[in-house]
Structures are given as structure tokens and as C-alpha cells.
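Let's take a walk through this fold together. Have a look at the sequence and the model below, and then we will go from one residue out to the whole chain.

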Amino acid sequence: MVTVNGQPQNAAGQSLAHLLEELGFSAGRIAVERNGEIVPKAQYDALLLEDGDTLEVVRFVGGG
């Protein structure tokens, strides 16, 4: 199991990019922290999630 923003997800073995797409996140306007460390966007496709990983996904919201 992988925890995403406090919610368990059956995502071990998936790439981070695949999980984000599956959950409806647009990679252009988010930041992802994995186990306390920021993940560079260039690594989203290559990063395979492991059982026990904890992800925090933050969306950037602009306004005026």
C-alpha cells in the first residue's frame, strides 16, 4: 500500500506518473513529496512506488 495525502492506495509497483494520472492530478501544477523528500518532475515517469511509501501531493492554485 502507498499512502497519498493520508489515503491508502494500492499503487506499489506503479510509476508515480501513472498514479498521478489515475488520481486525476495534472503534473504541471503540482508538487510531490515522497517519504519527506521533494520528487523532481523529471523523475515522475521513472520513479516506481514501493509498499509503505507516503506521498503528499500539493496543487498550486492561482487567483487574482
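Does Arg34 count as buried or exposed, and at what relative accessibility? Arg34 counts as buried, at 18% relative accessibility, where buried means under 20% relative accessible area, exposed over 50% and partly exposed in between (1.4 Å probe, protein chains only).

Before going further, a word on the source: this is a predicted model, in which local features need pLDDT of at least 70 and side-chain atom pairs count only at pLDDT 80 or more, while totals for chains, interfaces and linings use all residues. Residues are numbered from 1 along each chain as its sequence is written, and side-chain values use heavy atoms, with hydrogens and water left out.

Now to the elements. The protein has 1 helix and 5 strands, taken as DSSP runs numbered from the N terminus (helices H or I, at least four residues; strands E, at least two). Along the sequence they give the pattern β-β-α-β-β-β. The 5 strands make an open, mixed sheet ordered β2-β1-β5-β3-β4, with strands counted as paired if DSSP finds at least two bridges between them. β2 (7–9) and β4 (37–38) are at the edges with a single partner strand each, so one side of each has no neighbour in the sheet. β1 (residues 2–4) pairs with β2 in the antiparallel sense over 3 bridges, and Val4 stands opposite Gln7 in β2.

Next, the core. The largest nonpolar core holds 16 residues, and Leu16, Leu20, Val32, Tyr44 and Leu55 touch the most other members. Such a core is a set of buried Ala, Val, Leu, Ile, Met, Phe, Trp, Tyr and Cys residues joined through side-chain atoms within 4.5 Å. β1, α1 (16–22), β3 (30–34) and β5 (54–59) each supply at least two of its residues, and the largest share, 4 residues, comes from α1.

| Residue | Touches |
|---|---|
| Val32 | Leu16, Leu20, Glu37, Ile38, Val39, Tyr44, Leu55, Glu56, Val57 |
| Arg34 | Val39, Leu47, Leu48, Glu50, Asp53, Thr54, Leu55 |
| Asp45 | Ser15, Ala17 |

Arg34 belongs to strand β3. Asp45 sits in the loop between β4 and β5 and is exposed, with a relative accessible area of 65%. Asp45 and Leu16 are 29 residues apart in sequence, yet 6.3 Å apart in space, C-alpha to C-alpha.

Finally, the whole chain: 31% of the 64 residues count as buried.

Definitions and conventions. Contact = heavy atoms within 4.5 Å. Lists of a residue's contacts leave out its neighbours within four places in sequence.
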